[in-house]
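Subject: Structure handover

Hello,

Here is the structure we talked about. Please open it alongside this email, and my notes follow below.

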Amino acid sequence: MLTVTTISRSFGDHRVLDDVSFDVRPGRMTGFLGANGAGKTTTMRIILGVLAAQGGTVTWHGKPVTQPLRQRFGYMPEERGLYPKMKVGEQIAWFGRLHGLSQAKAKRNTERLLEQLDLAQRANDNLEELSLGNQQRAQVAAALVHDPALLILDEPFSGLDPIAVDTVLRVLRERAADGVPVLFSSHQLALVERLCDDLVIISGGRIAASGGREELRERYGSKRWELVVDSDAGWLRDIPGIRVVSLDGPKAVFELAEHTGSADGERTDQRVLRAALERGEVRGFTPVVPSLDEIFKEAI
Amino acid sequence: MTATIEPRSAEVDDTDADGGTSFMAATRLVAEREVKTFLRSKGFWIGLGVIVAGLFAAAILPSVFGGGQPSVAAVGPEVTRALAGSELEVREVADRAAAEELLREEEVEAAVVADTTGQSPTGVRVLALSDPPTDVMAQLGTSPPVDLLDAADVSQGERQLVIMVFSLMFLIFAMGGAAIAQSTVTEKQTRIVEILVSTVPVRALLTGKIVGHTLLTLGQVVVLAVAAPIALSVGGQTELLRVIAPALGWFVPFLVLGFVLLAAMWAVAGSLVSRQEDLGSSMSLVMILALGPYFAVMFFSDNATVMNVLSYVPFSSAIAMPVRMFSQEAEPWEALLSMGLLAGSLALIVLLASRLYAGSLLQTGGKVALSKAWTAAD
């Protein structure tokens, strides 16, 4: 597990990170969310030792992260780039060796990864001859070639077409399933919603929220239900303890005014359902899951 | 210093791996990549091809256009008659003084005078400036006695030649170091540098680059060392080779040290900017340091005092000291002292350079000021 504890960093007078703390747990895809300039890239650079923190620690399984440890991490920087005039396969194998793999293992891993990322037939082309999407896949390969113990990916999906997103995602999930903690930043909330198990939300250099996706939904999502009945659902307005968000004939969305049940111990949502059944057929009664977008806006 | 260049802890991490990359291994990998990349680039081979072609041209063209006939001055009509029928360009002069003047002006290669001592079986003696003129002697059949006007061990012409060859080689390789700056900027521009810095110590990057390019330079020196004798014998100028060969013993180590010194500076020049387009602005100082010794030695080769000073100044000593050793103007201890100075300043520059390199490598945007690079490394 990677643990970031109270790291801070300023550039001149500008405080970019302020007491940032969070965990990246093994086997989990952790989404790192934040607006542009919120401090995502700076945090990642500090974890990778590219930038020094001013206060705070980064530990891996309880030990401070040092150069030899860091060599086992995989990193995909936000600004992409590999050697333009070097062959793709050779280049990825070279990065593998730089991370400490033997020549044979580097070659094996490279072949396997290029196969998985649908790049095998481009192995002997110079990087600059590849399309941007394919260059991005190569970049992912360079971050994964040494079977990293931890993966830090800065905006790994930006610039990828949907098929490439799925390909890269499959490879990343595989790593996570093997127990590798994966931290990836993004501002594409819908995508993160689909991918991550845990969330870290950063805003203005401070952690606004962090934890499991469901847990955050519980915490930040409003309690909403959608009710679909046979006839007009206007009677909902008269039920105490709820607020109707939208009403469209037989279809209504309401939220609980309070999180807890009513005085007699009966949960308000159940009371609404009972009232609906008393009035006729109920076609649908579903809790509305808040989108990440809502959680995000709520948290920051 | 950033956390990336802190000393490696002896502690081994808890997960299995192929051992991790040591400083040495990282340096070797970086050097290997630089060498491979350059061996594959067309520019490298074109550059080397041009140098080799130039070498052959310089060796062959003079004998093609020069007509091939050595010229001699003949003193008196009798000698002129004696030389008739030989393949020599004969210029008849009135007396020995006139012949000597032509010799000193290097208008003729040798002078032939009547022998008055009776030592010569052919009745003539040969006068030359500093070396017995072998090509002239070959035309005279039975070798006559030779008198040298200027019995210095090294002729002025030979010295000039050595200066030219050494200066040119230094210039070519010093400027070739600009490739280090280019490769550094490529890494900055593409941001590969973030991956590199998060993986291996910055010093390993710098060392690897210097080692790689030094090996490339040595390789080219070897190619030239092989090509030169071939070119010279094709051009029928084996004599020149004999002249230059002994001087190379001093020149090669000086050249290598001088190259490494400049290589460290090229690397810093590259790390200060973020785009190839801006490279020109940061390279100018290194350019001056690379060109300076060439021009200084070429212009002041006749001025013993200046040459003396140049042979100790770290940048120009790479050319000036081997030249002085060649013309036997300096003792071996002087060469060793100068080499020591060069090595000392090399160590100092590399230390400074690695700090500046580390401090500027991750800064993007415009050109990084040296002072900012220096403090950023803290």
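I begin with the place where the two domains of chain A touch. Four residues of domain 1 of chain A are in contact with four residues of domain 2 of chain A. Helix H7 of chain A, residues 189-195, gives the most to the domain 1 side of that contact, with three residues. By class, the domain 1 side that touches domain 2 divides into two nonpolar, no polar and two charged residues.

Please keep in mind that this is a predicted model.

**Chain A overall**

Domain 1 of chain A covers 2-219, and domain 2 covers 222-292. Their centres, taken over C-alpha atoms, are separated by 43 Å. The C-alpha trace of chain A spans about 75 × 45 × 30 Å along its principal axes. Chain A has ten helices and 14 strands. It has 300 residues, and buried ones make up 44% of them. Now take the contacts in chain A with a separation of 6 or more. Residues 24 or more positions apart account for 67% of these.

**A helix pair in chain A**

Look next at helix H8 (residues 213-220) and helix H10 (residues 292-299) of chain A. Their axes come within 10 Å and cross at roughly 60°. The crossing of H8(A) with H10(A) is left-handed. On the H8(A) side, the contact is made by A:Leu216, A:Arg217 and A:Tyr220. On the H10(A) side, A:Ile295, A:Glu298 and A:Ala299 take part. The residues of this contact between H8(A) and H10(A) divide into four nonpolar, no polar and two charged.

Most residues other than glycine have a negative phi. Two residues in chain A are worth a look on that score.

A:His61 has a positive phi, near 50°. You will find A:His61 in the loop between strand E4 (57-60) and strand E5 (63-64) of chain A. Is A:His61 buried or partly exposed? It counts as partly exposed, because it has 14 C-beta neighbours inside 10 Å.

A:Asp147 also has a positive phi, near 50°. A:Asp147 is in the loop between helix H5 (132-144) and strand E7 (150-153) of chain A. A:Asp147 has 20 C-beta neighbours inside 10 Å, so it counts as buried. The cut-off for buried is 20 or more.

**Chain B overall**

Chain B also has a two-domain division: domain 1 is 68-148 and domain 2 is 155-376. The C-alpha centres of these two domains of chain B lie 45 Å apart. Chain B has 15 helices and five strands. Of its 378 residues, 40% count as buried. For contacts in chain B between residues at least 6 apart in sequence, 68% join residues at least 24 apart.

**A helix pair in chain B**

Helix H9 (residues 202-234) and helix H14 (residues 332-360) of chain B pack at an angle of about 120°. Their axes are 10 Å apart. H9(B) and H14(B) are therefore oblique to each other. The crossing of H9(B) and H14(B) is right-handed. Which residues meet in this pair? From H9(B) come B:Val202, B:Arg203 and B:Leu206. From H14(B) come B:Ala353, B:Ser354, B:Tyr357 and B:Ala358. By class, the contact of H9(B) with H14(B) has five nonpolar, one polar and one charged residues.

**A loop residue in chain B**

Last, find B:Ser120. It is in the loop between strand E3 (110-114) and strand E4 (124-128) of chain B. B:Ser120 has 16 other C-beta atoms within 10 Å, so it is partly exposed. Which residues does B:Ser120 contact, leaving aside its neighbours within four places in sequence? They are B:Asp115, B:Arg125, B:Pro144 and B:Pro145. B:Pro145 is 25 residues from B:Ser120 along the chain, yet the C-alpha atoms of the two are separated by 6.3 Å.

Best wishes

Technical notes:
Residues are numbered from 1 along each chain as its sequence is written. Chains are lettered from A and ligands numbered from 1 in the order in which they are written. This is a predicted model: local features need pLDDT of at least 70, side-chain atom pairs count only at pLDDT 80 or more; totals for chains, interfaces and linings use all residues. Axes are lines fitted to C-alpha atoms, for helices over the stretch in contact, and angles run from 0 to 180 degrees between N-to-C directions. Helices (H or I, at least four residues) and strands (E, at least two) are DSSP runs, numbered from the N terminus. Angles under 35 degrees count as roughly parallel, over 145 as roughly antiparallel, 65 to 115 as roughly perpendicular and the rest as oblique. A crossing is left-handed if the near helix is turned anticlockwise from the far one by less than a right angle, and right-handed if clockwise. Two residues are in contact if their C-beta atoms, placed from the backbone, lie within 7 Å. Ala, Val, Leu, Ile, Met, Phe, Trp, Tyr, Cys and Pro count as nonpolar, Asp, Glu, Lys and Arg as charged, and the others, Gly among them, as polar. Domain bounds come from an automatic or database domain assignment. A residue is buried if 20 or more other C-beta atoms lie within 10 Å of its own, exposed if 12 or fewer, and partly exposed in between; C-beta atoms are placed from the backbone.
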